[in-house]
Amino acid sequence: MSGQSPNPDYRTLIEPTRVRSVVYHDPQIFEQELERIWHRTWVYVGHISEVPNKNDYVTKSIGSTPVLMVHDRDGKISLLLNKCPHRGNQLCAYRQGNRGTFTCPYHSWTFANTGDLIGYAYADGYGDADKSGFSLGRVPRVGIYRGFVFGSFANEGPSLEEHLGGATASIDQLLENSPEGELELTAGFLQHRTKANWKFMLENETDGYHPAFVHGSVFQVTDSGIGKLYGPQSTALTRDFGNGHTEFDLRPEWRRIGKPLEWFGTSETRFPQYVKAMEQAYGTERARRIMIDGTPHIMIFPNLFIAEIQLFVLQPIAVDETIQHVTALQFKGAPELNRRLRQQTMGSVGPAGLLLADDTEMYERNHRGAVINDPEWVTLTRGLHRERRDENGYRIGHSTDEVPQRAIWRHYTELMTA
Amino acid sequence: MPQSTATAMLHLEAEQTDLLRRVEQFLFLEARLQDTHAYDEWEALWADDATYWVPANGSDTDPERQMSIIYDNRSRIGVRIDQLKTGRRHTQTPRSELARIISNVELVTRVGDEIEVRANAIIFEDNLRGETLWASRNEYRLRITDGGFKLVRKKVGLVNNHKPIFTLSFLI
């Protein structure tokens, strides 16, 4: 296929262990992804802690579509489309705020933050027209799992819980690290722009083969023990949860070492208040187990990446442009831990991050390579001979194996050919 | 020295004019060390109690609570430099080609042996991705020492830091 054909046959572009490079750089394929993935499946939008009070709103997106995540005047979380239904003006120009109504600056049409039209200027010009026909557009389905807000532009389809499947266990694992079982995203987001296709990020988030090389410079100049987790001797696992959700499971390593907070490169004695709060919340035994296991490293298809200490949201802008939004995870009831979470996040990610700046360099080089036609395929065979199933039936492999990448393409093909 | 930015220059005495010249020379030196990737020499400009801050989402955020693009203490400045010197900081391999203009230098206040300075910076970067123009309003706290100045605090307020920005891996 040339990449220019009107309706690409995805089954000839993607095979179980290899993918044609054109899938990363063809603008037409990108348009079809917006339609068949971003505007159909469940997409992560934001977290309820970003709109804690009634009338709070924050500007988010689903694929290329800007969305207002609103804690509306009725107390409900709604996802409204940022477009005045009168003449199509962008309605709200601010990233966040608190307001019960939105007024379009063009002709002063005013909407409640539930999306209902309240009034327009010089109302006599509309006679006795029915205002209910002029509500703001909205994302038809909103699903919330333990504070994580997802939206789907499809009126019907699998429920959010069905979509998340086994990935809910990782979210549950994450929240256990809070003595109150809740996450708070209160530190604001860094926005890192890159000239690369979004799928390079999707695939790299659970790639355990690259860290020793891409991040070797960091491992060399810090005492970080992280490097070993990604080596040939590591007992960590890659996992395919189905539906494109993939995980890098470090728990086998942390359990082998058996030290609470080792996952965070620290120890119990450095965080006495946190340890006490965890023991009070969960009991000594369970708290110890949680603090040994730490937080997950999971890529929830297509755009939510929880990376132990931070949360990324991928936003595709164009076939060759993506924004990585990232913030530090903050656990309710854990101020001691939260400070270190912010500091470590700021050091490692974002445009100047010691880690992510190098990952992002790879994404841009990935993209430059993809436009070269020979060889035509990228290969994803690593660890095929040792791929197996865990006790829950999920495919797993060695920490450096390409189990996640094969899983992502399997799901991608399903969505693109549905 | 007057606090008011509008009148600052008008009230400069001869002694302060001399100080301004020396401050400018220091900022130009820093700019050259950054442009030429003279990592060790640049690191040596910092005081032991240094803070190197590049805020995100505006310039009046609380770096102790909110995410910043860079919020390094002296130790992390050292790690950042050490990483660049490994030769495997891929985003700087090959290195960015840089030229920057530091201008609009103002002395703001002097307290004891420390002076607050403001300046604007325009930086042209060329790297594998292409050409990028960076603009910032900078604030410095300099400590007067026998040999000149030490950088105690540098805040780089990128004018577009509320928007998505490309990788920023050269020394800004």
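Me: What makes A:Tyr122 exposed?
Reply: The model is predicted, and the count comes from its atoms. A:Tyr122 has 8 other C-beta atoms within 10 Å. Exposed means 12 or fewer. So A:Tyr122 is exposed. Its place is the loop between β10 (117–119) and β11 (141–145) of chain A.

Me: Why is A:Leu261 called buried?
Reply: A:Leu261 has 21 other C-beta atoms within 10 Å. The cut-off for buried is 20 or more. Therefore A:Leu261 counts as buried. A:Leu261 lies in the loop between α10 (251–257) and α11 (272–282) of chain A.

Me: What is there to note about phi in A:Tyr122 and in A:Leu261?
Reply: Phi is near 50° in A:Tyr122 and near 70° in A:Leu261. Both values are positive, in residues other than glycine. Most residues other than glycine have a negative phi.

Me: How do you know which kind of peptide bond joins A:Phe301 to A:Pro302?
Reply: Omega is near 0°, and the bond is cis. A:Pro302 sits in the loop between β16 (297–300) and β17 (304–307) of chain A. Another cis bond joins A:Asp374 and A:Pro375, with omega about 0°. A:Pro375 is in the loop between α14 (356–370) and β20 (377–379) of chain A. Most peptide bonds are trans.

Me: How does the radius of gyration of chain A compare with that of a compact globule?
Reply: With 418 residues, a compact globule would have a radius near 22 Å. Chain A has 23 Å, so the two agree. Buried residues make up 48% of the chain.

Conventions:
Residues are numbered from 1 along each chain as its sequence is written. Chains are lettered from A and ligands numbered from 1 in the order in which they are written. This is a predicted model: local features need pLDDT of at least 70, side-chain atom pairs count only at pLDDT 80 or more; totals for chains, interfaces and linings use all residues. The radius of gyration is taken over C-alpha atoms; the globule rule is 2.2 Å times the number of residues to the power 0.38. Helices (H or I, at least four residues) and strands (E, at least two) are DSSP runs, numbered from the N terminus.
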